[in-house]
Amino acid sequence: MQLKQLIREIPDFPKPGINFYDITTLLKDKRGFAETIEAMQAHYRNARVDVVVGIEARGYFFAPAMAHALHAGFVPVRKPKKLPHTVRSVEYELEYGTDRLEMHADAIEAGQSVLIIDDVLATGGTAAAVARLVEQVGGTVAGLGFVIELTFLKGRDRLAGRDVFSLLQY
Ligand code: AMP
């Protein structure tokens with residue numbers, strides 16, 4: 001199956017110059033969604049994964065399914081002020097200014113092996129920050145997995161030395 005045919009490209013969304021990769025058209029296709037999860041989990045079949053971390057918001061579409069497939073737990077990384085208990089946070093650079101992501105301080109046990117999942121790897125700034133956050137709370141990053149990688153943005157360079165996997169490259 002050609003999974004790329006199930007991904008809708010929207011030019012100039014959410015602002016001029018951005019080509020947005022809309023994965024809702026992949027998610028609603030029962031074969032496409034199943035194939036996506038099966039192909040991604042195959043990459044980690046022989047890896048130790050205790051916890052799958054999903055990045056708000058579109059990482060949540062894939063991370064829980066990956067956790068289920070890998071018999072691992074699921075932990076959400078959230079935008080600020082959403083989590084109710086004690087949090088650890090990480091700041092990262094945006095094009096203009098900075099942003100912050102949070103995780104419950106007790107979400108990951110020391111030494112647990114963690115797979116980080118998001119829909120798109122663009123510049124890698126978000127994923128690199130989440131990897132730092134996982135390590136800050138005592139986890140070991142087993143890898144970072146993405147449905148889509150925008151190779152021209154060289155996000156991999158910001159994740160050098162880590163296991164980076166993407167299913168589809170543009
Ligand atoms: P970055 O930190 O630059 O790697 O950006 C990654 C985040 O932005 C991911 O959570 C994606 O959901 C989102 N993102 C960045 N660029 C795109 C794009 N062209 N289409 C869809 N989502 C994108």
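User: Which residues is G145 in contact with, leaving aside its neighbours within four places in sequence?

Analyst: The model is predicted, with local features needing pLDDT of at least 70 and side-chain atom pairs pLDDT 80 or more, while totals for chains, interfaces and linings use all residues. Numbering runs from 1 along each chain as its sequence is written, and side-chain values use heavy atoms, without hydrogens and water. Contact means heavy atoms within 4.5 Å. On that basis, the partners of G145 are M40, Y44, L115, I116, I117, D118 and F165.

User: Is G145 buried or exposed?

Analyst: G145 is placed in strand β8, residues 140-149 (a strand is a DSSP run of E, at least two residues, numbered from the N terminus). Its relative accessible area is 0%. Buried means under 20% and exposed over 50%, with a 1.4 Å probe and protein chains only, so G145 is buried.

User: How far apart in space are G145 and V77?

Analyst: In sequence, G145 and V77 are separated by 68 residues. From C-alpha to C-alpha, their separation in space is 15 Å.

User: Which residues come nearest to the ligand?

Analyst: A residue counts as near if one of its heavy atoms lies within 4 Å. Around the ligand there are 13 residues. Those that come nearest are D118, D119, T123, G124 and T126.

User: What is the distance from an oxygen atom of the ligand to an N or O atom in the side chain of T123?

Analyst: A polar contact is a pair of N or O atoms within 3.5 Å. Through backbone atoms, Y21 is 3.0 Å from a ligand nitrogen and G125 is 3.4 Å from a ligand oxygen. For the side chain of T123 and a ligand oxygen, the distance is 2.5 Å.

Key: Helix = DSSP H or I, 4+ residues; strand = E, 2+ residues; numbered from the N terminus. Polar contact = N/O pair within 3.5 Å; in protein donor to acceptor, adjacent residues only side chain to side chain.
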